[in-house]
Amino acid sequence: MMDIFSISLKSMQDSFYRKFTSGRLQPILDGIKQVYAARKAGNGPHLEVSNLCVTGRNDNLTETRRVSDWMLNNLDAEIPLHYVRFHPDYRYTNVERTSIPFLEQARQQAIDDGMRYVYLGNVFDTQSANSYCPECQTQWVQRSGLIAQSFLDNGHCPQCGIPSPILLPWQAEKTKPVIAEIPSGLVCSTHMFRGAIQACHVEQSNDSQLFYQFISATGQPVGEVGTNSCDRFMLSKSDERAEGIRLYHPENNKCQIFEVYDRAHFPVTGAEQTNKASEDVPLTFLPLRGR
């Protein structure tokens, strides 16, 4: 059973799909409408649509409006729309990342045309990742990295009182956070974030308990110590003071770090195939060494 569908609508032109993805547009539109129909029936899944704005391909206001217009005409204004920032990777690395001012323009254009919930994706340090009341513009949810903070009042806008469609599953969990302490005898490795690259995957050779601490530019601790025992997990900047991480792991546990732009990016390419000199291209394979 799928509770949530986030469907990527790359373009409203079939020629785009055929040329750049070797696919077709219509099956994507049909799939979106199928999920929407199930949602409208009453107990269907949550639906959101994302539009990846690729530099030099579909990063213009005409293309972004085609997406929002189709949603208004075939779905409704309540379905969240994400304009997602592209980063150069794989075989398309000779361009820059999508312009943030352009993405902000696209978002505002969609809102002006009638869409009620429009966001920017793959962009840190922007207010456009937050949720706002479509009636009075009061902030409902603040997002930073993988952290979300709600300001809703029992599911309603705290200012004008309209009900919000946002479900808050984290409110059901009232358990106290566990404060971890770093045991002695572990190797400490440090990784500093680079520019727009504000997240990483940590991969270990066995399922040991690892400890991590976000740090400032001067190496001062930021926030509480965290822990994870998964063989691969994601860490994302959630405090503006954080400029890197310290990872504590057993000396015999081989660990690696992979720079990522967002939770959907799963890098596997070796460093020799990446552009180490540019923050626009992720450095996708960094062996962690004690330092």
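Predicted model: local features only at pLDDT ≥ 70, side-chain atom pairs only at ≥ 80, totals over all residues.
**Sheet**

- Four strands form an open sheet in the order E8-E13-E10-E11, and their pairing is antiparallel.
- Strand E8 (187-192) and strand E11 (221-228) stand at the edges with a single partner strand each, so one side of each is left without a neighbour in the sheet.
- On average, and with direction ignored, neighbouring strands of this sheet are turned by 20 degrees against each other.
- Strand E10 (residues 210-215) runs antiparallel to E11 and is joined to E11 by five bridges; phenylalanine 211 stands opposite threonine 227 in E11.

**Aromatic contacts**

- A search of the whole structure finds six aromatic pairs, among them phenylalanine 86 with tyrosine 92, a tilted pair at 5.7 Å centre to centre and with 50 degrees between the planes.
- Both of these residues count as buried, phenylalanine 86 with a relative accessible area of 11% and tyrosine 92 at 18% relative accessibility.
- Tyrosine 212 and phenylalanine 233 form a tilted aromatic pair, at 6.2 Å centre to centre and with 35 degrees between the planes.
- This pair links distant parts of the chain, since tyrosine 212 belongs to strand E10 and phenylalanine 233 to strand E12 (residues 232-236), 21 residues apart.
- Phenylalanine 233 counts as buried, at 7% relative accessibility.
- Phe16, Tyr17 and Phe20 form one aromatic cluster.
- Arginine 232 lies over the face of phenylalanine 258, at 4.2 Å from the ring centre.

**Cysteines**

- The structure holds zero disulfides; for cysteine 160, the nearest cysteine sulfur is that of cysteine 133, 3.6 Å away, whereas a disulfide requires sulfur atoms within 2.5 Å.
- Cysteine 160 counts as partly exposed, at 38% relative accessibility, and cysteine 230 also counts as partly exposed, at 41%.

**Positive phi angles outside glycine**

- Serine 22 has a positive phi, near 60 degrees, although the residue is not a glycine; serine 22 is placed in the loop between helix H1 (14-20) and helix H2 (26-40), and at 70% relative accessibility serine 22 counts as exposed.
- Asparagine 122 likewise has a positive phi, near 65 degrees, in a residue other than glycine; asparagine 122 lies in the loop between strand E4 (118-121) and strand E5 (131-132), and asparagine 122 is buried, with a relative accessible area of 17%.

Note on methods:
Residues numbered from 1 in each chain as written. Heavy atoms only, no water. Buried < 20%, exposed > 50% of the residue type's maximum accessible area, 1.4 Å probe, protein only. Helix = DSSP H or I, 4+ residues; strand = E, 2+ residues; numbered from the N terminus. Pairing = 2+ DSSP bridges. Axes fitted to C-alpha atoms, helices over the stretch in contact; angles between N-to-C directions. Phe/Tyr/Trp six-rings, centres within 6.5 Å; stacked < 30°, edge-to-face > 60°. Lys NZ or Arg CZ within 6 Å of the ring centre and 35° of its normal.
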